[in-house]
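User: I am new to this structure and would like to know what stands behind the terms used for it. Please take me through them one at a time.

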Amino acid sequence: MTVSRFFRDYLMVPVLMPAFTACFAVYDVSQEVEPYTYTSYAWAWPHANENTREVIREAMADGKISRWESPVVFRTIMDDVHALMTCPAGNECRDKTVEQTREILQEAMTQ
Amino acid sequence: MKGLFKGPFWQITVGLWLSMAVFFGITAHSWETLLSWLSIAAFFIIGALSGEFCKSQVKPLRIAGRIGAVAFFVALAGCVLIGLERVYLVTADSYPRFLTKNLGTADMNTLDMLGTKECKGKAVEVFEKANNTWIIRCGFGWHDSHTYTSNADPFRSIRPERAQ
């Protein structure tokens, strides 16, 4: 049995499925986070220690936080601050645009 | 079983577990998440391959198949036991003391100390049991947790006053 035959009969589906999923996941994490994420991190800033603030600063270096950078920031904040303000659906905090919430975080970072 | 590996049911099942591993690993930005899902895929793959090897004409493959089959059933039994232990921890009136470390009278400071040392990065849960016993667990399942006993409620200083 040739390699290509073996691949097609046994490996193609179990290999291609995760490969396509990975492509989709990579695209998904490159997108920007929800606007309320910025306000959550802005709330955490005054409570955060210098190391956590450095992590937030690094994530905001390009002015936006992607879904790839966000879990690292989230875990760092939780290890340090042990809490995070949330923005439940239906709450007015969800009405802000992403530009506004980016501004809120930028302003909090100057404090 | 050979036909199983060629068929869509097996290949799509494995493909799904690997896809979930990759998807959640990437979106959570976590190696641990990836490895957790991959180990489920490995569990099924090792089980099926071991079954296939057990029937092989080649002796070393037969031995490998038996080892793999034992490992598969041990892992399966282990998961069932971990599930049962968790249910017991949450619902029973007591918990075996010899499985825990005694903290004496724990309070919020004790929990903070645990959070910086042995329990770093783990969620802390407190379960009230009978006979003035509180069981504290850092982590979820027995296999990757620390379990402690306290003779007082660690949260007593922050609880609202109970109605008389």
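User: What makes strand β2 (residues 124–129) of chain B and strand β3 (residues 133–138) of chain B a pair, and in which sense do they run?

Analyst: This is a predicted model. Two strands pair if there are at least two bridges between them. Six bridges join β2(B) to β3(B), so they count as a pair, and they run antiparallel. Within this pairing, B:Phe127 has B:Ile135 in β3(B) as its bridge partner.

User: What lies between β2(B) and β3(B)?

Analyst: The two strands form a hairpin with three residues between them. In the turn, B:Asn131 has a positive phi of about 60°.

User: How do you know that β3(B) also pairs with strand β4 (residues 146–150) of chain B?

Analyst: The cut-off is again at least two bridges. Five bridges link β3(B) and β4(B), so this is a pair too, in the antiparallel sense.

User: Why are β1 (101–102) and β2 of chain B said to stand at the edges?

Analyst: The open sheet has four strands in the order β1-β4-β3-β2 (chain B), with mixed pairing. β1 and β2 each have a single partner strand, so one side of each is left without a neighbour in the sheet.

User: How does the radius of gyration of chain B stand against that of a compact globule?

Analyst: For 164 residues, a compact globule would have a radius of gyration near 15 Å, but chain B has 22 Å. Its C-alpha atoms fill a box of roughly 70 × 35 × 30 Å along the principal axes.

User: How much of chain B counts as buried?

Analyst: Buried means under 20% relative accessible area. Of the 164 residues of chain B, 32% count as buried. The chain exposes about 10400 Å², and carbon and sulfur atoms supply 67% of that area.

User: Turning to chain A, why is A:Leu16 called partly exposed?

Analyst: Partly exposed lies between under 20% for buried and over 50% for exposed. A:Leu16 has a relative accessible area of 35%, so it is partly exposed. A:Leu16 is found in helix α1 (residues 3–29) of chain A.

Definitions and conventions: Residues numbered from 1 in each chain as written. Chains lettered and ligands numbered in written order. Predicted model: local features only at pLDDT ≥ 70, side-chain atom pairs only at ≥ 80, totals over all residues. Heavy atoms only, no water. Buried < 20%, exposed > 50% of the residue type's maximum accessible area, 1.4 Å probe, protein only. Rg over C-alpha atoms; globule rule 2.2 N^0.38 Å. Areas by Shrake-Rupley, 256 points an atom, 1.4 Å probe, with all protein chains shown as cover.
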